[in-house]
Amino acid sequence: MSDSKFTAPLAQELLHSELSERSPVSSLRAEAIARIRNSLRPGQQQMADWQSGPLAISAVPGAGKSTGMAAAAAIAIARQYERSSSRRQLVVVTFTRSAAANIKAKIRKFLRDDLSLPQTGFFVYTLHGLALNIASRHPDLSNLQLENVTLITPTQSHRFIRTSVEQWIANNPGIYLRLLEGHQFDGEETERLRRQSVLRTEVLPELANTVIHEAKSSGISPELLRKWSKQTTDEYAILSVAAGLYEQYQNLMRSRDFIDYDDMILAALRVLENDSARRIEQNQVFAVFEDEAQDSSPLQTQLLEILASDGDKRNNSSLPSTDAINRVSPHSPLNLVRVGDPNQAINSTFTPADPIYFRQFCEECDRIERLATMDQAGRSTRIIIEAANFALKWINKQSSATTNNGKQVSDNRQVPFRLQTIRPVEAGDPQNNANPAPVGRGLELYTPRDIHHTLELLSQRVIELFGEDPTQNSAAILVRENRQGRWLAEALTPVCKEHKITLYDVGERDRRSHVPQEILALLQFCDRPHSPDYLKAALEALVQRQLIPTQDLNALASLPEEFLYPGPLAAPQPETVQKAARLCRNLLRARLELPLYQLISFLALTLNYDQAELATADKLAERVNQQIAGNSSMGGMLSALSEIVSSERFEPVETEDSEERYTRRGQLTIITMHKAKGLDWDYVFLPFLHENLIPGRFWVPPQSQFLGDFTLSEVARAQIRAALHGEFTIPDVTQAWEQAKHLKISEEYRLLYVAMTRAKRLVWMSAAQKAPFTWSKPDNLQEQAPCPVFPALKRQFPECVVNFAAMTKQA
């Protein structure tokens, strides 16, 4: 629907109601609301005009979603003050903690500076924070006793996943034997042992990890997976195997009082199944605003819809209907505003996030004229906008031509992108320097000889851009893989040092899992100080923290007793060795004198951690002490720490705004495309745009090809999603594998679109003729085809193709 069709009636209604002479105070507030509204773009105004009911906002990159949502939230809170004396709150939900902090600050600023209201009346949560808040208020209903449970984020190598695999194998020897045989098997013992290793350490753990997250986040039980499995015909009964692994995992988690993030959502939903508790929670909320809605999972969507339902208007106070027509209607009691961009859905192939649900919500709202669009964006210069729009349309056209054996696809959800064009802002837009002038051509397309030539060209352009006044500009190199970032960081360090450019490698700096690793190294030394390996690891940690000078650690660690406690006849130790020995003896003394629960905090102070690292160490100490409660020993502490280091994604505590840290002026940031979402820089470099990475090839690891030309985990994911989407039949293995390929290709193209739209004034893109087949071996160069959209961009924007001969002459 058009913006005018949506906005004009509402705007007139607002002017009539809010500028009426109810009181001088309300009149002044209505004028303040009008000023805020008039400072917004048309798409943002549609959000600010919301009064009740469902509303979907589909926004393009750089459209100002967070500013629009903050303004709309502040206006909604002001109206709530006027219309009601109740203490209902607005709940704002977003994807990350940093985004939550950012939008909270913006809402407070609008309330304080523009509306002269108390900075209350709202809460900002991440989805899991909201779920935990609800579950912890009703422990008897949620079955979640926070003081007795431990939160983990398991990877496929986690002990629980491995143990689930071993227990499933023991309970299902016949099915396991069928997997072992694969397509064909001659019974040779060496091959049997190899296949056993692959199944136990790779295939089954990966299947378990994928299905557990996919099923739990959708409220799917092992029993329902088994039921779905009966509708399939694959020879391995993949969903049945997955159900068994899932069941074993759940039993283990319950028996040890462990929970994962999906359990938080499930616990909150258990609370809301109770009529009384649901009414209590709903009566505290007058509306829910959700940001980044394209990244929601089914259960997260259900949680928000329950909270956003106005219990007073529901005759039976039941849970929201699963019927879209009943759930979203013009007079729906669902006070829910969902803001997102389906074209920036880049997490669905490795998390349970599925953009189809936000697309459906947009379609439902469009049907009842409750869909608004934010398609004006002031971030990028016009040539970048044109390139991004062209890439979107070209990719959709190619996808439509190849999907379903060349038949044209009519379902908009089957193509990678929602047809949504970015438009520059209009004259007089309030954003400073909106759609800025390009630097150079604004879009630069390079085809270097190889990755070394790429590095040379990129370095040259960086030096030019930072040359005059480096403190005035920001720049980033966006890579598809962390290994590319490490290679670039190593090569660019001397260049940046010579030209006084700050180089920030996010992949390296953000590994604050170094906190558990360093603490573990020191504790292992305290437990066994006479082990040369543990002593060396502890000394390496101390050198890394610059607490002792760099020296020959092998010489010190080879004779631990002589280093730590030299006898009277020993040769005098140099000052550097004495300093290291004193520090190590202090650690051993602390081990003897301090209670076990204080050791981690002491070691964190000894390592001279900064504020964020100390907070992370405190979080780690709390987790470990809780895990070993009842069996407090050094052995238990070391076991718990070893497991965290080897098989979990231990999230650090961030005390600094990551957005500010990554986008500082005068800094060249190396960051992955995924992590760059939500950020922007003046100049963005996109090297190594090759077809083998974007969109990539769906391949089966050679070691597991005995099972067939597919992977069990991806087939299971595709089958689960097909069932959740309500497809008539669950696809067989071949169909599921093709659907998984399509999902992967679509997401990789959306990732490229996200990367391109991070740039304000220049996007630099390159696809070298020769590149590594795998970045684990960057020196193994071979001919590589470019990402398919790259040649199309060169044809569409020939003036942006950089001619190396012309560059040489200019030089």
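The structure is a predicted model. The protein chain has 35 helices and 16 strands, and 55% of its 811 residues count as buried. Among the contacts in the protein chain with a separation of 6 or more, 78% are between residues 24 or more positions apart.

**Salt bridges**

- The count of salt bridges comes to 35, and one of the groups involved is a network that links Glu214, Glu714, Arg717 and Arg721.
- Asp49 and Arg37 meet through their side chains in a salt bridge of 2.6 Å, N to O; because Asp49 lies in the loop between α3 and β1 while Arg37 belongs to helix α2, the pair ties together parts that are 12 residues apart in sequence.
- Both partners of that pair are buried, Asp49 with a relative accessible area of 0% and Arg37 with one of 14%.
- Within helix α10, Arg195 and Glu191 are four residues apart, about one turn of the helix, and they form a salt bridge whose closest N and O atoms are 2.7 Å apart; Arg195 counts as buried at 6% relative accessibility.
- Asp680 forms a salt bridge with Arg379, with the closest N and O atoms 3.2 Å apart, and since Asp680 lies in the loop between β12 and β13 and Arg379 in the loop between β8 and α18, the pair ties together parts that are 301 residues apart in sequence.
- Asp680 is partly exposed, with a relative accessible area of 23%, whereas Arg379 counts as buried at 13%.

**A helix pair**

- Helix α23 (residues 532-544) and helix α26 (residues 575-593) pack with their axes 11 Å apart and at an angle of about 110°, and they are therefore roughly perpendicular to each other.
- In this packing, Leu535, Leu539 and Leu542 of α23 meet Ala580, Leu583 and Cys584 of α26, so that by class the contact has six nonpolar, no polar and no charged residues.

**Two buried residues**

- Asp262, in helix α13, is buried yet has no salt bridge, the nearest side chain of opposite charge being that of Lys216, 5.7 Å away.
- Leaving aside neighbours within four places in sequence, Asp262 is in contact with Ile212, His213, Lys216 and Ser217.
- Ile220 lies in the loop between α10 and α11 and counts as buried at 5% relative accessibility.
- With neighbours within four places in sequence again left aside, Ile220 is in contact with Ala215, Leu225, Trp228, Tyr246 and Leu724.

Note on methods: Residues numbered from 1 in each chain as written. Predicted model: local features only at pLDDT ≥ 70, side-chain atom pairs only at ≥ 80, totals over all residues. Heavy atoms only, no water. Buried < 20%, exposed > 50% of the residue type's maximum accessible area, 1.4 Å probe, protein only. Lys, Arg positive; Asp, Glu negative; His and termini not counted. Salt bridge = Lys/Arg side-chain N within 4 Å of Asp/Glu carboxyl O. Contact = heavy atoms within 4.5 Å. Axes fitted to C-alpha atoms, helices over the stretch in contact; angles between N-to-C directions. Parallel < 35°, antiparallel > 145°, perpendicular 65-115°, else oblique.
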